[in-house]
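Dear colleague,

I am handing over the structure below, together with some notes on what was found in it. Please look through it before reading on.

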Amino acid sequence: MIKDRGEFFYRIWLYNVGANSFAQRRLRNQMRVSLNRMSMKKKKKKAESSKANQKKAGQEKTGSAKLSEEHGIYPEMKEKLKNLEAYESRLKKIISSSEQYIDDVNRLKTKVTLLTEKEDLKKVKYLRVRKFLLLAVIAVTSIAPPFFIQLDEATTILNIYKLLAKIGSLTATTLFAWQFILGFRQAAAYLITDFVWTIDLHKKLGIFASLLILLHPVFITFFYLEKEGMMPLTLTIGVPFYDFVMLGQVALIIIAVLFFTSAVFRRYMPFSLWYGIHLSSYVLLPIVFIHSFPIGTTLLNTPLRYFWIAMACVLTVFYIYRVLCRLVLFSAKYEVVDTHKVSEDTTEIKMVPRSKPLTPVKSQFVYFRRGFWKSARPYTISDYDENTHQLSITAKAGGKTSTALQSVQPGRKTYLDGPYGVFAVGILHCKRPVIMVAGGIGITPFRRVFKEVRDMPSKKFYLFYGNKTEDEIVYKEELQQAANIEIIHVISDQPDYKGEKGFITPRLMKKYVEDKLPSHEFYICGPPMMTLNLEKQLRSENVDSKHIHHELFNY
């Protein structure tokens, strides 16, 4: 029995060095048995080692499988996982690039907005020059006619009577002509785009001319009584002179009716009644010209008649143009494409052009006509798409037209005149903090503003928005999403409202603004009573009037 490897080699040596044959055979047999046993042990050990390796490999495989199962990743998907990880990395780079691109686009949009507003500001500055030139032309054309008066009467008192009578007739008639032109919005827009300023000038010219023309009947009566001892205002039918005098008396009656209905009783009259009476002004100037040409000695005997003829021709052209405009020949044709409620009793109407489109800037308004025979009403353009030229107006139920617009259907043909106004031009370019004040539907001029201030975090904007109840808040969801603007809602007729209640006042503003009120720029749009009262209160807080801009809800 071979016990170890040393004995094994000793036996081999014995086998080789020689012994008897029997011993050799015996040793050979022992060696064979030993070799077999060693081979068996080796195989067994190898088998055990292989089994152990397989068991270990199996355990590792099981652990890996469990790990893969826990993470939802199977071995056969490792390659896909690598691809997904690579795709994720590329996607992150794309997202990062996209965010940078969006930031660049927003910055570019802000620059474009500011550049556009800068151009609008240039137009406003140019508009100031045009206003000055217009006032200068009105002044010169109104003051010039009295210089043609021939003061050749026998006495000084007659010359004084004649001068005052002629100033009353010639200057007042010229002012009435300018008032007529400025009161015609399509024509006035060619001169001045600030429609509110134009209408205000129109009113002032009318009041001044109505008072000035009283000089004519008073002092022409004194003149004829002093010179010829006759009463020129007596009604004598059949005598040509008195027939033309009677036309002057009719013109004077029309002027008196227009003055009292517009300057005194306008606030107490329905718009339709006032407007019908106001249309009588279209016959006023023809009557005045027919009255003045045959019996006006200054027109008959001086070169002033050429100016009078030129003025009559210009007014004739304006009359024709006015009629054509009323026939909507110069109005922009639009079609309603969509309507939707933006508050309890307020509807937004979206329209697309069916002719040459309008190109309004923010806060401008248009005169909207529902049909050929319908009357026109002003509405602020609450939204405008520069690419499609689609624009929107927003109407709050109240008047006849606004109530009818609550149920207008897509496909309706409409007519628009405009755009008019310069209310909020320059609001984004203003260097001072901006306080916007809106009442009810007065939010519409600011809608395009708070859409554009999203990309202007460096500027400070405040919006004080007053309504009777929360349900009347127009564009409530859009206001909630507005950025870079502090919005303060003020509710007047809802006791359970948890926010600010009552009315918008300077005292309320001081609670929210960082700086003193005089350092801000104010833009106010709302009912006339609210606007005028707030302006008065702001001036009492030492806010300069030039920093207060308003848009009134009347026409």
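The expected span of a helix is taken as 1.5 Å times one less than its number of residues, and helices (H or I, at least four residues) and strands (E, at least two) are DSSP runs, numbered from the N terminus.

Please keep in mind that this is a predicted model, in which local features need pLDDT of at least 70 and side-chain atom pairs count only at pLDDT 80 or more, while totals for chains, interfaces and linings use all residues. Residues are numbered from 1 along each chain as its sequence is written, and side-chain values use heavy atoms, with hydrogens and water left out.

Within H12, the buried residues are Leu304, Trp308, Met311, Leu315, Phe318, Tyr319, Tyr321, Arg322 and Cys325, where buried means under 20% relative accessible area, exposed means over 50%, and partly exposed lies in between (1.4 Å probe, protein chains only). The cover over these buried residues includes helix H4 (156-183), helix H5 (185-191), helix H9 (271-278), helix H10 (281-295) and helix H11 (297-301). After H12 comes Val328, which has a positive phi near 55°.

Helix H17 (residues 528-540) can be described in a similar way, since its 13 residues should span 18 Å at 1.5 Å a residue, and its end C-alpha atoms are 18 Å apart, in agreement. Its buried residues are Thr531, Leu534, Glu535 and Leu538. Seen down the axis of H17, these buried residues fall within an arc of 105°, so they line one face of the helix; the arc is that of the directions from the helix axis to the C-beta atoms. An α-helix has 3.6 residues a turn, so residues three or four places apart point the same way. On the other side of H17, Met529, Lys536 and Ser540 are exposed, and the helix is followed by Asn542, whose phi is positive, near 70°.

His389, in the loop between strand E4 (376-384) and strand E5 (391-396), has a positive phi near 65° and is partly exposed, with a relative accessible area of 23%. Tyr475, in the loop between strand E8 (461-467) and helix H15 (476-481), has a positive phi near 55°, and this residue counts as buried at 4% relative accessibility.

In helix H6 (residues 195-212) you will find Thr198, which is counted as buried because its relative accessibility is 1%. Leaving aside residues up to four places away in sequence, Thr198 touches Leu182, Ala188 and Ile192, a contact being heavy atoms within 4.5 Å.

For the protein as a whole, the secondary structure comes to 17 helices and 12 strands, and buried residues make up 40% of the 555 residues. Of the contacts with a separation of 6 or more, 68% are between residues 24 or more positions apart.

With kind regards
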